Amino acid sequence: MVDYTSAKQDKIDLKGPRLPFIAQTPLIVARPLEFLDNCAKKYGDSFILPLGVFKNRQIAFFSKPETLQQIFTASPERFEWGKMTYVFRPLTGSQSLIMLEGKKHEAVRRLLMNRLHGKQMYNYGQTIIDLTLAEIARFQVGSTVAIRDCMADISLDIILRVVFGINPGQRYSQLKTLIKPFLERVNSPLNSVQFFFSFLQQDWGKWSPWGKFLRDRQQIDRLIYAEIAERRQQKDLGDDILSLLLSIEADLGQPLNDEQLRDQLMTLLLLGHETTASALSWVFYWVHQDPAVLTRLKAELANTDLDPIAIAKLPYLNAVCQETLRINPIALISQPRLVKDAIELDGNIFSKGSILIPCIYLAHRRRETYPNPESFDPDRFIERKFSPYEYLPFGGGDRSCIGKGISNYQMKLVLATVLSQYRLELSPKHPVKPVRRGVTIVPSGDCKMIVKERLAKSDRQLKTKQLERVSLMG
Ligand code: HEM
């Protein structure tokens, strides 16, 4: 096998738009799906853009499963990561998992993954159902609800309870009240620009955008550090993620200090909250835009009480959630890889400084893999198993999403719980299309739905019992 690691020059036989990345940025930011669809139509599975005007470096997009496999299985040492995730640093801090590289990244990742997977995760099921019931108890028949907003509330509650382990009370309410508008601002088109350009990061007082961001962050940090300090004093820790992180001697030679804990909590909040809320909004949209899908799903759910383990195993529900993340992957791309040691992909050599982008959206729209890719067809996932290079809503390789298990679980439980209580319909006044929100793609207009009916079933009894439990927990 030829070793290309020291190659100084690119040798690339791929085509792409002539204008450099910087000149295409407005289009990529404003209409990313159109940009990707057009490029795939013109240039195929892989295409390149010049990175800058003068430097002879490329930014390359890939979506063919064989090429994605090559990228995802390449040693992480060949890429530089921190330079690609710098935009998140003011939010997550420098100790965050996404800022780390090499052995340190591996160790913190293992630590967090252990807490977010398997048996551990199943313990959170009942809490997820209870929090959903508490949130939707306010639905009124005949009213219009903004599903994305409602899902964002549920997801935030779940993170505060399951990840931070904070019990309802003053600190919980304060954090919730601060975090919601904080994340809204961070994701707004105007404010998100400041994370990309350090010269915009100037504290000109509390009315300036960066000044406001710093002050809000400081208030949230104060509450998080107070929670960490209080929990360090407790003998009996719970089974939430923070407790588990506090109770172990980390694989790093010493326990995590307060700053490391804070940074991991902020990372899980930032990467886990919006993504899961958006995925849930899409699943509500797709289930309700095709009556046949809804009828089949309801028939499957009718045989199951709100038992989290049983719900998680339902095959059609699983297929519906998978197809939702195929047709509307929340993140369009896996993390860009900045090449450190030249790499050969499909006969092309990318030397140091090139940027490789595995494109989730285009991989999910390949006709060869998914016939009729624009149609929503959960049966694809009943009839076939797709490889991790064909189906990759959570990215791939050493940096793939660590929240995959819990967010899949949450999608199923929240959808099943809401469908057991209400009949909803998409609002004809608010047609839905995909729009960008921060780095994710969400349904436009917050996915408005009309509450048509409160379902009268023995579920009412169940609901009352569960609401009692929520108030006991609180
Ligand atoms: C449907 C919901 C979600 C989607 C679609 C999603 C998607 C992704 C994607 C595409 C990546 C980048 C992977 C790559 O570069 O190949 C990622 C990374 C990550 N996600 Fe998620 N995510 C979701 C939910 C969550 C949740 C609930 C959490 C945590 C509670 C989480 C935590 C993370 C973290 C920490 C990383 C960075 C991993 C690393 O750098 O090693 N995500 N996610």
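Predicted model: local features only at pLDDT ≥ 70, side-chain atom pairs only at ≥ 80, totals over all residues.
**Entry 1**

Next I looked at how the chain is packed overall.

**Entry 1: around the ligand**

Which residues come nearest to the ligand? I found 26 residues around the ligand, and Gly 272, Gln 335, Gly 395, Cys 401 and Gly 403 are the ones that come nearest. Two elements give two or more residues to this shell, namely α14 (258-289) and α20 (404-421). Of the elements, α14 gives the most, with seven residues. I sorted the shell by class as well, and got twelve nonpolar, twelve polar and two charged residues.

**Entry 2: the largest nonpolar core**

I kept a general point in mind here: in soluble globular proteins, nonpolar side chains tend to be buried together. In this model the largest nonpolar core has 104 residues, and Ile 159, Leu 265, Val 283, Ile 357 and Cys 359 touch the most other members.

Leaving out residues up to four places away in sequence, Leu 265 touches Val 163, Phe 164, Ile 224 and Leu 242.

**Entry 3: the five-stranded sheet**

In what order do the strands of the open sheet of five run? I read the order as β1-β2-β8-β5-β3, with mixed pairing. The edge strands are β1 (47-50) and β3 (79-80), each of which pairs on one side only.

Then I followed β8 (residues 355-358) and its partners. Strand β2 (residues 58-62) pairs with β8 in the parallel sense over four bridges, and Ile 59 has Ile 355 as its bridge partner in β8. Strand β5 (residues 337-339) runs antiparallel to β8 and is joined to it by two bridges. Here Arg 337 stands opposite Leu 356 of β8.

For the side chains, I reminded myself that in a regular strand they alternate between the two faces of the sheet. In β8, Ile 355 and Ile 357 point one way while Leu 356 and Pro 358 point the other way, and all are buried.

**Entry 4: a hairpin**

I moved on to β10 (residues 434-437) and β11 (residues 440-443), which pair in the antiparallel sense over four bridges. They form a hairpin with two residues between them. In the turn, Gly 438 has a positive phi of about 60°. I also checked who faces whom, and Arg 437 stands opposite Thr 440 in β11.

**Entry 5: residues in loops**

One is Asp 346, whose phi is near 55°. Asp 346 lies in the loop between β6 (343-345) and β7 (348-350). Is Asp 346 buried or partly exposed? I counted 14 other C-beta atoms within 10 Å, so Asp 346 is partly exposed.

The other is Cys 447, with a positive phi of about 55° although it is not a glycine. I located Cys 447 in the loop between β11 and β12 (448-454). Cys 447 is buried because 25 other C-beta atoms lie within 10 Å, where 20 or more are needed to count as buried.

Last, I looked at Ser 351, which lies in the loop between β7 and β8. Ser 351 has 21 C-beta neighbours inside 10 Å and so counts as buried. I also took its C-alpha to C-alpha distance to Val 29: Ser 351 and Val 29 are 27 Å apart in space and 322 residues apart in sequence.

Key: Residues numbered from 1 in each chain as written. Near = placed C-beta within 6 Å. Nonpolar A, V, L, I, M, F, W, Y, C, P; charged D, E, K, R; others polar. Core = buried A, V, L, I, M, F, W, Y, C linked by C-beta atoms within 7 Å. Buried ≥ 20, exposed ≤ 12 C-beta atoms within 10 Å, placed from the backbone. Contact = placed C-beta atoms within 7 Å. Pairing = 2+ DSSP bridges.
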